[in-house]
Amino acid sequence: MRAARLIKMVLLLQARPSMTGVELARELEVSERTVARDVLSLSEAGVPVYADRGRAGGYRLIGGYRTRLTGLGRSEAEALFLSGVPSALREMGLADAASAARLKVSAALLPELRDAATGVAQRFHLDAPAWYQEPETPALLPGIADAVWDDRRITARYRRKDTEVERELEPYGLVLKAGVWYLAARTERDFRVYRVDRFTAVALAERDRASGAEAAGERFTREASFDLPAFWAERAAQFARSILREEVVLRLSARGVRQLPYVTERAAAREAIARAQSAGGPDEQGRLTVTLPVESADVAYAQLLGLGPEGEILAPPGLRAQFAAAARRTAALYT
């Protein structure tokens, strides 16, 4: 722990012309007294750290000294590519690795380029969670992330409705979608997607040594052709199509056509509009009749109410009756 702190101190001083004891203590999360002791230890070890006295004083490296400890480790290099997603790094337990990686990169840059990290941070930020949600970090996420980085098999218990199932998985990748974490993993048969917050227990997989299979926790061999972004895009599209099991026919005003993709499943809405426009387009009143795939009548009711008078439900009859009743109740409120 102390050795890592001393290395971090050298990297900090290498990246900046000078730092005060207060600044170093804050960066290293120690007291100023500990900073003074660490500086003394570095000097005794041959690192030329010089202390400037006085109100404007501080610590600096003498004579352009540069450490050779700026080589990136594997976990630091991997974490660096995620450094624009700080919340994701924290949840996967990689914040420290990312911090060390940024320091090493900064220390290796020319002085005139050392403000690059600040410039990037002021120009790009990813806010992963969806609006109006309070994201929660799954308790088992850091352990799963470790297995993903190390390519280690896991045995996991997974909550499926009212039951739990046990699976042996090869964890290929993690996806953060609208504040929810998903694991892409290979089973004995195929690749599947699991919600991380539904795992109830995760451990390194155990295999029988006598059978000649891999020992507990040994690494699996990844398929070289596996592409996580492409896999996720395909599965997300399949999922969106799979839940749209019913159809609603509705007549839309021009404004309703524009609003439909924002109140229901976007891809399905745009496809429905495109089909309707190619089949004949709007009627003489300027309204377009579309057949929209939906998850269920109840879901459609909740979503399509957002269209207000810009959409008229034509079928199924039961849903049309629900909208007619809702319209009467709404009119009564404003009478």
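In this predicted model, helices H10 and H11 run roughly antiparallel to each other, because their packing angle of about 150° falls in the range over 145 degrees that counts as roughly antiparallel. Helix H10 spans residues 254-263 and helix H11 spans residues 266-279, and their axes lie 7 Å apart. Elsewhere in the model there is an open sheet of five strands, on which helix H9 packs.

**The helix pair H10 and H11**
- The crossing in which H10 passes H11 is right-handed.
- On the side of H10 the contact is made by Val 257, Leu 260, Pro 261 and Tyr 262, while H11 contributes Arg 266, Ala 269, Arg 270 and Ile 273.

**The five-stranded sheet**
- The strands of the open sheet follow the order E6-E5-E4-E3-E7, and their pairing is antiparallel.
- Strand E6 (191-195) and strand E7 (199-204) form the edges, where each of them pairs on one side only.
- On average, neighbouring strands of this sheet are turned by 45° against each other, if direction is ignored.
- Strand E5, made of residues 180-186, pairs with E6 in the antiparallel sense over five bridges, and Arg 186 stands opposite Phe 191 in E6.

**Helices against the strands**
- Helix H8 (residues 141-150) lies across strand E3 (154-160), strand E4 (163-177), E5 and E7, and it runs at about 75° to E4.
- Helix H9 (residues 228-242) packs on the sheet by touching E4, E5 and E6, and its direction makes about 75° with that of E6.

Terms used. Residues numbered from 1 in each chain as written. Predicted model: local features only at pLDDT ≥ 70, side-chain atom pairs only at ≥ 80, totals over all residues. Heavy atoms only, no water. Pairing = 2+ DSSP bridges. Helix = DSSP H or I, 4+ residues; strand = E, 2+ residues; numbered from the N terminus. Axes fitted to C-alpha atoms, helices over the stretch in contact; angles between N-to-C directions. Contact = heavy atoms within 4.5 Å. Parallel < 35°, antiparallel > 145°, perpendicular 65-115°, else oblique. Left-handed = near helix turned anticlockwise from the far one by under 90°.
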